[in-house]
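Here are a few friendly notes to read alongside the model. Please keep the structure open as you go through them.

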Amino acid sequence: MSRRHVKEFRPDEALSLIIADREGKSMRCPSCGGGPVLRTPCRPGEGPSVAGRVSLECPACGRLVAYIDRTEATAIR
Ligand SMILES: [Zn+2]
């Protein structure tokens, strides 16, 4: 029983965080109101975002969501 207990966002909270992240916004935690939510990897300062796995974690309540960022999503804009 050494597995760390990981809390996750509710689906609607996770979705709003992912949408905000794709638009390049930082967002407060929709669950506890703390924030800002930490992004891993860090957002690049300039240039297009890199495709790959992105984790968003609230440092206040420890909730976590991960999603796969795709370059196609930014190419459409
Ligand atoms: Zn929180």
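**Notes on the fold**

1. The largest nonpolar core has 7 residues, namely Phe9, Leu17, Cys29, Val37, Leu56, Cys58 and Val65. A nonpolar core here is a set of buried Ala, Val, Leu, Ile, Met, Phe, Trp, Tyr and Cys residues joined through C-beta atoms within 7 Å. A residue is buried if 20 or more other C-beta atoms lie within 10 Å of its own, exposed if 12 or fewer, and partly exposed in between, with C-beta atoms placed from the backbone. By that count, 13% of the 77 residues of the protein are buried.

2. Please bear in mind that this is a predicted model: local features need pLDDT of at least 70, side-chain atom pairs count only at pLDDT 80 or more, and totals for chains, interfaces and linings use all residues. Residues are numbered from 1 along each chain as its sequence is written.

3. Which residues does Phe9 contact, leaving aside its neighbours within four places in sequence? They are Ala14, Leu17, Ser31, Arg63 and Val65; contact means that the C-beta atoms, placed from the backbone, lie within 7 Å.

4. The protein has 2 helices and 3 strands, running α-β-β-β-α from the N terminus on. Helices (H or I, at least four residues) and strands (E, at least two) are DSSP runs, numbered from the N terminus.

5. The strands form an open sheet in the order β1-β2-β3, with antiparallel pairing; two strands pair if DSSP finds at least two bridges between them. At the edges are β1 (38-40) and β3 (64-69), each pairing on one side only. From one strand to the next, the twist averages 20 degrees.

6. Strand β2 (residues 52-57) is joined to β1 by 3 bridges, with Leu38 opposite Glu57 and Arg39 opposite Leu56. Between β2 and β3 there are 6 bridges, and Arg53 has Ile68 as its bridge partner in β3.

7. Two backbone details deserve a look. Thr40 and Pro41 are joined by a cis peptide bond, with omega about -5 degrees, and Pro41 sits in the loop between β1 and β2. The hairpin of β2 and β3 has 6 residues between the strands, and Gly62 there takes a positive phi near 80 degrees.

Key:
Two residues are in contact if their C-beta atoms, placed from the backbone, lie within 7 Å. Axes are lines fitted to C-alpha atoms, for helices over the stretch in contact, and angles run from 0 to 180 degrees between N-to-C directions.
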